[in-house]
Amino acid sequence: LRLLVFLAELNGLDTWATDIGNAYLEALMLESVFIVAGPDFGEREGHTLVIYKALYGLRTSGLRWHERFADCLRDMGFVTSKSEPDIWMRKNGNVYEYIAFYVDDLAIAAKDPKSITDILMDKHKFKLKGTGPISYHLGCDFFRDKNGVMCMSPNKYIEKMISTYEQMFGCKPCTKVSSPLVIGDQPEIDTSELLGESGVQQYQSLIGAMQWAVSIGRIDITTAVMTLSGFRTAPRVGHLDRAKRVYGYLSKMRYAIIRVRTEEPDY
């Protein structure tokens, strides 16, 4: 996603985002899957019903949807990237246009993104929502600063993380920290008491949220999160305290952003 946004800025493309509603139901099943109708089906109770569309919850629904959307992109002249199969590209004049999709969320970098979304709706009959210039995608906020530079920052996602933290512990994370972990810290030699079942669940929840924060741009906590992730199966009280410290750091530095500058160096 960061590469796509960079290439869009570099080549003067517009970046849009959209979401495909009920995506799995747009794909048809290839396997023979059936159910026996229960009382919710009224007069059809007891009948054997063949599943026609890729319902949510079936093992192969994700694959069926992926294949269905890939066929649509090929029909529009896109080919998949050899290095990242969920980024699709096509030549348009002297530049390439891109579509990156994550399940049912699309990021489009093109000369005319509206023409692409119109084809998805009119020709392929997809129900799109939230279509327009990218402003919030996969938990990350997109905006332009006062100089017109495209910026990425997971502000809303971090606020949600902090809200969950407050519900979990009944207090706000401590912001009197200047780094994710103490310099020279060695969590692997922590000998504090092992967490109970509820504590383990809390720890795993915190780690999972922080891992996604790293994925969408908070690379400043990468080392801390990778280190603490190694203790998910049997975390100790000290490890939970360290995770709380990372939350405090994120709370303090929640407005950190990535600016997509393309002027120098001239690639």
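In this predicted model, helix α4 buries N155, Y157, I158, M161, I162 and Y165. These residues lie on the same side of α4 because they cover an arc of only 165° around the axis. The spacing follows a general rule: an α-helix has 3.6 residues a turn, so residues three or four places apart point the same way. Exposed residues K160 and Q167 are carried by the face of α4 turned away from the buried side. The packing partners of the buried residues are β10 (140-144), β11 (150-153), α5 (197-215) and α7 (237-252).

Helix α4 comprises 15 residues, 155-169, and its first and last C-alpha atoms are 21 Å apart, close to the 21 Å expected at 1.5 Å a residue. Just after the helix, G170 adopts a positive phi of about 75°.

The largest pocket is lined by 23 residues, of which L1, R2, E84, I87 and A100 are the closest to its centre. At least two lining residues each come from α1 (2-10), β5 (87-92), β6 (95-102) and α5.

For the second largest pocket, the lining has 13 residues, and A17, D105, G130, Y136 and H137 are the closest to the centre. Here β1 (14-20), β8 (128-133) and β9 (136-137) each supply at least two residues, with the largest share, 4 residues, coming from β8.

Conventions. Residues numbered from 1 in each chain as written. Predicted model: local features only at pLDDT ≥ 70, side-chain atom pairs only at ≥ 80, totals over all residues. Heavy atoms only, no water. Expected span 1.5 Å × (residues − 1). Buried < 20%, exposed > 50% of the residue type's maximum accessible area, 1.4 Å probe, protein only. Arc of directions from axis to C-beta. Contact = heavy atoms within 4.5 Å. 1 Å grid on protein atoms, 1.4 Å probe; cavity = no way out; pocket = protein on both sides within 12 Å on 5 of 7 lines; lining within 4 Å.
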